[in-house]
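Visitor: Hi! Please take me through this model in a quick chat.

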Amino acid sequence: VLIALRSIASLGAIARYFLLATLASFVVAGVCAVVALNHLPLNAATYQALELALIVELTFLGLALAQQARRHQFAGARAMHLACHDSLTGLYNRRAFLDMAKPLWSNAQRNQRPLSMIMIDLDHFKRINDQHGHDAGDRALQASAELIEQACRAGDLLSRWGGEEFLILLPETDMDQACLFAERVRASLEALGLPVESKSIMLTASFGVAGWELGESGDSLLRRVDDAVYVAKKAGRDRVQAAVPRG
């Protein structure tokens, strides 16, 4: 009972169920002791009291176990979520993106369907951290992630690729469609404005867009979209740059 009472604060319902089950077991032990000492006759009423106490004990023990199982299930689901998602933005992380991209990639290759990739790199992100602090940088990443996520379709795959970079895989989307999508996101991001202290700072990004070509590997597509971002940054940033075709 003392152990149960001390654990109620940390375990909540589990400890309360355990305490009630323990009290019921004391009732069983007490009835048995009284009967053994011949202070209570052994009859149908005694048996019914014992049965009732045992039922109560087992019921509360079952509830405690069920509560503990639910807690472990929730903890496991949370651990899985944290393993697959970026903690700051809530988007898929790089590992999850690569795992979830496999069936989309396989479908495009097998059925020769259009597939495009967009890489987004926030411009002058280090300057935001240096001038306004890391809290402003975090809010810039969160605001950008929310805006991009809202622009994506249900079947698109979006991740925080690393640092200030985001990566999108767009099934059933050719190069021209992906460039139009990227331009819409670029314009929305530019118009967003991030409130910092007493002013609003503009967020811009450089976009690289690449459409999958027949026979191309995923690594090749990723290299081309990364190269396109580099070209966009060299050309002045805040722009959409189509990747150079293979070869």
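Visitor: Which helix gives the largest share of the lining of the largest pocket?
Guide: That's α4, with five residues. A pocket here is an open set of points on a 1 Å grid over the protein atoms alone, where a 1.4 Å probe fits and protein lies on both sides within 12 Å along at least five of seven lines; lining residues have an atom within 4 Å of a point. Keep in mind that this is a predicted model, where local features need pLDDT of at least 70, side-chain atom pairs count only at pLDDT 80 or more, and totals for chains, interfaces and linings use all residues. Numbering runs from 1 along each chain as its sequence is written, and side-chain values use heavy atoms, with hydrogens and water left out.

Visitor: Which residues line the largest pocket?
Guide: The lining is made up of Phe97, Leu98, Ala101, Lys102, Trp105, Met117, Trp161, Leu169, Gly218, Asp219 and Leu222. The elements that give two or more residues to it are α4 (94-111) and α8 (218-234). Helices are DSSP runs of H or I with at least four residues, strands are runs of E with at least two, and both are numbered from the N terminus.

Visitor: How many lining residues are nonpolar, polar or charged?
Guide: Eight are nonpolar, one is polar and two are charged. In this scheme Ala, Val, Leu, Ile, Met, Phe, Trp, Tyr, Cys and Pro count as nonpolar, Asp, Glu, Lys and Arg as charged, and the others, Gly among them, as polar.

Visitor: And how much space lies in that pocket?
Guide: About 220 Å³. The volume is the space filled by probe spheres set on the grid points, which are joined across faces, edges and corners.

Visitor: Let's zoom out. How many helices and strands are in the chain?
Guide: Eight helices and seven strands. The chain has 247 residues, and 38% of them count as buried. Buried means under 20% relative accessible area, exposed over 50%, and partly exposed in between, with a 1.4 Å probe and protein chains only.

Visitor: What share of the contacts is between residues 24 or more positions apart?
Guide: Such pairs account for 65% of the contacts in the chain with a separation of 6 or more. A contact means heavy atoms within 4.5 Å.

Visitor: At what angle do α5 and α6 cross?
Guide: Roughly 140°, and the axes of α5 (residues 125-132) and α6 (residues 134-151) come within 6 Å. That makes α5 oblique to α6. From α5 the contact uses Phe125, Ile128, Asn129 and His132, and from α6 it uses His134, Ala136, Gly137, Ala140 and Leu141. Five of the contact residues are nonpolar, four are polar and none is charged.

Visitor: How are the axes and angle classes set?
Guide: Axes are lines fitted to C-alpha atoms, for helices over the stretch in contact, and angles run from 0 to 180 degrees between N-to-C directions. Under 35 degrees counts as roughly parallel, over 145 as roughly antiparallel, 65 to 115 as roughly perpendicular, and the rest as oblique.

Visitor: Is Ser144 buried or exposed?
Guide: Serine 144, in helix α6, is buried, with a relative accessible area of 0%. Leaving out residues up to four places away in sequence, it touches Leu122, Phe166, Leu189 and Leu203.

Visitor: Where is glutamate 216?
Guide: Glutamate 216 is in the loop between β6 (205-211) and α8. It is buried too, at 0% relative accessible area. Beyond residues up to four places away in sequence, glutamate 216 touches Trp105, Gln109, Gly211, Leu221, Arg224 and Arg246.

Visitor: What about methionine 175, buried or partly exposed?
Guide: Methionine 175 is partly exposed, with 23% relative accessible area, and it sits in helix α7. Its C-alpha is 8.0 Å from that of alanine 242, 67 residues apart in sequence. Alanine 242 is also one of the residues methionine 175 touches, along with Ser116, Val209, Ala210, Gly211 and Ala243, not counting residues up to four places away.

Visitor: Last one: what is phi at histidine 124?
Guide: Near 50°, a positive value in a residue other than glycine. Most residues other than glycine have a negative phi. Histidine 124 lies in the loop between β1 (115-122) and α5 and is partly exposed at 37% relative accessibility. Aspartate 238 also has phi near 50°, and its place is in the loop between α8 and β7 (240-242).
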